[in-house]
Amino acid sequence: MTDTVAAPGEAGRRVSWIELYFDLVFVFAVSQVAHVMVEHPDGRGVVAALGLFVTLWWTWIGYVILYNRYGEDSAAQRLFMLAGTIPCAIAATQAHVVSDVHLGGLALALAGARVVLAVAFPATSGQGHGAGRAAGLGYAVSAAIFAVSAVVPAPVNYVLWGVALAQEAGFLLLAQARQRRRSGDRTGRRRRPDRRELLAPPAEPGLAVNAPHLAERFNLFMIILLGEIVISVASAAVDAHGHEAGLRVGFLAGLVLAGALWWIYFDSSAGINEFVLRASGGNPAMAYGIYAGGHVPPAFGLLLIAAGVNLSLHDAPPTAATWFVSAGLAAYMVGTRGFTLGVERRWYARLLRTLVVVATVCLALLHRVVSAPTVVVLVAVWAVAVAALVTVRGPVVMRHLREHPLRFFADR
């Protein structure tokens with residue numbers, strides 16, 4: 001992560017060892033999500049994998065916010081994190097049944113992970129922190145919803161999962177925004193919050209997030225997802241029955257692609273994200289927009305790329321393989337804003353960015369004239385070009401951020 005100076009009054013707390021241990025569970029979980037798309041390379045498999053990923057993603061975020069707000073690396077808090085690894089690990093092992101009708105085991109494991117959070121938030125928040133008690137109540141409700149979903153048929157169980165995740169977001173990161181929407185002016189009408197208010201620190205200290213810690217935690221998780229691409233390339237290399245030159249070039253291109261994706265995120269996007277959150281004083285709504293919600297497209301895009309590269313390097317790759325790679329790269333570029341050409345808000349700049357995204361997706365059409373490994377090579381070259389653009393334009397964007405933070409954030 002890029003070294004930066006903490007904002008006034010904000011401690012630059014680092015990620016603890018127990019959090020890194022906890023994330024080991026999700027190393028396996030994300031590999032299972034990618035495996036679903038490898039086993040089912042079609043639209044149904046992608047939808048199932050996306051639903052599973054979002055559910056696991058929000059489970060992980062619950063533990064991230066728990067330690068971000070109240071973590072002091074005490075024995076009790078370590079025990080809560082260790083207790084959470086058990087249901088989360090069980091949920092990860094059940095990921096392979098996501099395309100089947102029976103999801104009872106997965107639902108119960110997810111309910112168990114939320115029971116731990118329901119106890120941990122009020123127990124670790126201390127006296128006078130209503131936010132901790134509210135989050136604990138929210139997770140207790142979610143645990144009950146997930147438990148009920150284990151005994152109801154599809155698609156009702158999926159609807160219940162969506163309800164549980166939505167209300168968790170309200171308790172965790174959108175409580176301040178929800179409170180402002182409910183508040184009205186002197187006439188009794190609801191008042192739409194000013195853009196400057198959305199960048200202001202929360203009125204209740206218990207709602208604020210620690211920007212340096214949250215940024216580092218998400219950056220480390222992005223490393224885990226990038227590692228899934230490396231694993232996919234290595235696995236395809238081990239499973240390859242032939243040693244054609246095209247496959248060997250494809251293996252190298254997969255590693256180059258992973259390196260370019262790392263560059264796009266960590267050379268520019270990671271620093272910009274942290275700067276925005278610091279400038280807002282740890283505003284939870286901003287944290288949701290940048291990290292909890294904003295990182296879903298690039299994070300899942302990396303898993304799409306991992307699955308697509310793995311399939312592309314097989315002897316008989318399916319048609320969906322190259323689409324996974326190109327669509328995943330497009331989602332990653334949009335989510336990280338890695339191809340921002342500048343800070344101009346003119347219509348032609350937006351149009352140009354849209355055309356870049358469309359062109360990225362359309363790279364998959366090249367599979368009609370060249371082999372799938374060759375498409376991976378071309379996608380890697382495209383990603384390297386985007387990384388070079390990030391290197392050139394990144395300092396310009398950051399300079400504008402420092403000079404005009406409110407105007408830039410509001411217009412994004």
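Partly exposed describes a residue whose relative accessible area falls between the buried range, under 20%, and the exposed range, over 50%. With that in hand, here are some close-ups of this predicted model.

**View 1. Two cysteines, Cys-362 and Cys-88.** Cys-362 counts as partly exposed because its relative accessibility is 35%. Cys-88, at 2% relative accessibility, counts as buried. If you are looking for disulfides, the structure holds zero of them.

**View 2. A nonpolar patch on the surface.** Five residues, Tyr-21, Leu-24, Val-27, Leu-79 and Leu-82, make up this patch, and together they have about 460 Å² of accessible area. Helix H1 (17-39) and helix H3 (75-93) are the elements that each give two or more residues to the patch. The most comes from H1, which supplies three residues.

**View 3. A closer look at Leu-24.** This leucine sits in helix H1 and is one of the residues of the nonpolar patch. Leu-24 has 53% relative accessibility, so it counts as exposed.

**View 4. Confidence along the chain.** The protein chain has an average pLDDT of 82, and 79% of the residues score at least 70. Among its elements, helix H12 (residues 296-312) has the highest mean pLDDT, 95, while helix H16 (residues 405-411) has the lowest, 51. For residues 1-10 the pLDDT is below 50, and this stretch has 18 contacts in the model beyond near neighbours in sequence. Residues 182-188 also have pLDDT below 50, with seven contacts beyond near neighbours in sequence. A friendly caution for such places: where pLDDT is low, predicted coordinates should not be read in detail.

Key. Residues are numbered from 1 along each chain as its sequence is written. This is a predicted model: local features need pLDDT of at least 70, side-chain atom pairs count only at pLDDT 80 or more; totals for chains, interfaces and linings use all residues. Side-chain values use heavy atoms; hydrogens and water are left out. A disulfide is a pair of cysteine sulfur atoms within 2.5 Å. Buried means under 20% relative accessible area, exposed over 50%, partly exposed in between (1.4 Å probe, protein chains only). pLDDT is the predictor's confidence in each residue, from 0 to 100. Helices (H or I, at least four residues) and strands (E, at least two) are DSSP runs, numbered from the N terminus. Contact means heavy atoms within 4.5 Å. Patches are made of residues with over 30% relative accessible area and no salt bridge: like charges are joined within 9 Å, nonpolar side chains (Val, Leu, Ile, Met, Phe, Trp, Tyr) within 5 Å. Accessible areas come from the Shrake-Rupley method with a 1.4 Å probe; for residues, only the protein chains shown count as cover. A salt bridge is a side-chain nitrogen of Lys or Arg within 4 Å of a carboxyl oxygen of Asp or Glu.
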